[in-house]
Structures are given as C-alpha cells and as structure tokens.
There are 2 protein chains.
Amino acid sequence: MTTDETRWLSDAERQAWAPFVGVLLKLPPALDSAMRQGTGLSHFEYVVLSAMSEAGDRTLPMSKLAAVTNASSSRLSHVVDKLEQRGWVRRSGHPTNGRVTHATLTDDGMVIVVETAPKHLEAVRALVIDALKPSQLGQLAAIANQILERVAPGDAVAIAAAMRDR
Amino acid sequence: MTTDETRWLSDAERQAWAPFVGVLLKLPPALDSAMRQGTGLSHFEYVVLSAMSEAGDRTLPMSKLAAVTNASSSRLSHVVDKLEQRGWVRRSGHPTNGRVTHATLTDDGMVIVVETAPKHLEAVRALVIDALKPSQLGQLAAIANQILERVAPGDAVAIAAAMRDR
C-alpha cells in the first residue's frame, strides 16, 4: 500500500506519531473521568471556570475566554450555557458595545473553583506532569508550542500572553 | 486561590501544561477538518480502516482493533457501524468462538484506504511531524509513551507490539 509520490513516515516519525495519537485519543477522556469523580465537573468546564477566576473582576469577554481556553466559540457557548444554568456563571452585555458579551464567575462559581482546584491538579499531576522528568517539561513545552503554531497560528502567543497577565 | 496543602504547578510545569492542553483541545478537530476536506472521512475513521488494511486477510478481532486504534469498544462499535453501512467493512463471527467478532476491510474499503492515505499523511505532516526537529521526534515518543503508561497502563506496550507486527 505505497505509492512513489508520497513521503511515508520514517521509523522515527512513526515511533513518535503512534503513541502521540494514543495520548490524543485517551488522555482527554481520562482527565474528564478523573475530574468527574467527586466534582461533577468535566476537565473543560473546570478550565473555563478557572480562567474566569483568574481574571480581573472575575470577568472576561467571551472571545477572550474562548482564546484562553482553546475553545471554539460554539463549544464555549454551549458549556457556558450549562454553567449559567447551575448558577456559576453570569453573562452580560458590554455597557457601550452591544456586540460584546462578558462572562462573570459568580460567588457560587468561585466556591466551586476553589473546591475543585486541588482535584484538577491531582489529575493533571497523576496523568501527565508526574510522568515526566524535569528535563522533559521544557521539551514538551517546545513541542506543544510548535504544533500549536501549525494548528492555530497565533494561539501559542495568545496563551503565553494570557499567562503573563496572571 | 491557593491552599497550603496543594502542590501547585511550578512555572516550568505550567509552561509545559498550558500549550499541551491547547494541543489536546485543538489538534484532533484540526486533523478531522484537514482529513474531511476531499475525503469525507474523519481522522479516526481513517485510522480504523488503515489498521485493518495492514492486518493479515485485512481482518482483525474487534478487541484487537480497539487496542490498536486506542478506542473504547463502544466508540469503535459506533464507527464500525457507519463504515459497514458504507460497504467498507464487514463484520463476522469467529468460526469456533461465538463471542469473538471480526472486522474485515472490503475491497471497496481498501480502495478508500489507498485513496485517502496520502491525504492523511499530508495532514499529519503539516500539523505535527514537519513542525518538529528530528531531535524532537525521540523526545515526543518518550513523553507520549510515559503519559500513555499513566493513562492506560499496558497500552504503550500493545502499540509497540502492534507496530512490530506490521
């Protein structure tokens, strides 16, 4: 099943790609499952609430929230709907620009973030961070940023800027 | 938003985790989108067909197909249903063990794999492989295998064995 024109993967490329696809497919459901045990929040719902908790006035424009959480606007909107129904988030229009919607973490939402943060960290450490040697952290940062530049040019920069703002 | 008991992420850990979460969230839809343009197959559907194309008699037990493609059995079953409806896969019982179901790639399915393979490779190269330096391939392989050992112990070994069998 080969043709002459196609640059097939070398052994080294295949040995990187195969386990990496495994991580792409299996890590997100594993993170969700670890988070849901005892918290009732998915990993992504926590990421959204946590990003708001770290913003000034616990408020972010929906567009910036989408950028910081790496979500499409439709996915984010769907999740914020659910969080709003539970009373953890409140949406409001911008005072002078009707096209901008802000999302604010409520007091109840803040309680959830504080309660859930250690559980989130535990899952991230158990499944990813504590699996790596210190020297691999910098390697992973570089690899992930380079891939992100291909997948969503400009986002790697946006994430770095958002982290500096914290 | 900190407590004394929790081991919060260090700067180095956070600088690895933030872009890596971005990759987890954005790469799979980007791969799907790149694949669907012109093929009508999602990335995962291609992975399933491709795994069968490389097996003897183009046939694998569903359980082994799930292991090789990193899928849960329910997800795989759902996707194989769709591929069967399109005439690309055929399921059959094992001749002597009624509990084992095999999936076979049909001739039409093989045509689809051959037609789609270069498109898949193009997406994988554009979004991941060609973003990395040669030295980073080995780094990514080690990092991904170590994470996979945490997420699904034993799977990293299964993938390595499946690759050796090819």
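Student: What is the area buried between chain A and chain B?

Tutor: Please note that this model is predicted. The size of an interface is often given as the accessible area lost when the parts come together. Here the area buried between chain A and chain B is about 6,400 Å², and carbon and sulfur atoms give 72% of that area. Chain A and chain B each bring 68 residues to the contact.

Student: How many salt bridges does the rule find across the interface of chain A and chain B?

Tutor: The rule finds 6 salt bridges there. In one of the pairings, Glu13(A) forms a salt bridge with Arg125(B), with 3.0 Å between the closest N and O atoms.

Student: Which helix of chain A gives the most to the side that touches chain B?

Tutor: That helix is α1(A), which supplies 19 residues.

Student: Which residues have the most contacts inside the largest nonpolar core?

Tutor: They are Phe20(A), Leu27(A), Phe20(B) and Leu27(B), in a core of 48 residues. Helices α1, α5 and α6 of chain A and of chain B each give two or more residues to this core. Beyond its neighbours within four places in sequence, Phe20(A) is in contact with residues including Ile147(A), Leu27(B), Leu140(B) and Ala144(B).

Student: Which residues are buried in α6(B)?

Tutor: An α-helix has 3.6 residues a turn, so residues three or four places apart point the same way. In α6(B), the buried residues include Leu137(B), Leu140(B), Ala144(B), Ile147(B) and Val151(B). This helix of chain B has 18 residues and reaches 26 Å from its first C-alpha to its last.

Definitions and conventions
Residues are numbered from 1 along each chain as its sequence is written. Chains are lettered from A and ligands numbered from 1 in the order in which they are written. This is a predicted model: local features need pLDDT of at least 70, side-chain atom pairs count only at pLDDT 80 or more; totals for chains, interfaces and linings use all residues. Side-chain values use heavy atoms; hydrogens and water are left out. Helices (H or I, at least four residues) and strands (E, at least two) are DSSP runs, numbered from the N terminus. The expected span of a helix is 1.5 Å times one less than its number of residues. Buried means under 20% relative accessible area, exposed over 50%, partly exposed in between (1.4 Å probe, protein chains only). A nonpolar core is a set of buried Ala, Val, Leu, Ile, Met, Phe, Trp, Tyr and Cys residues joined through side-chain atoms within 4.5 Å. Contact means heavy atoms within 4.5 Å. Buried area is the accessible area (1.4 Å probe) that two parts lose on being put together, summed over both. A salt bridge is a side-chain nitrogen of Lys or Arg within 4 Å of a carboxyl oxygen of Asp or Glu.
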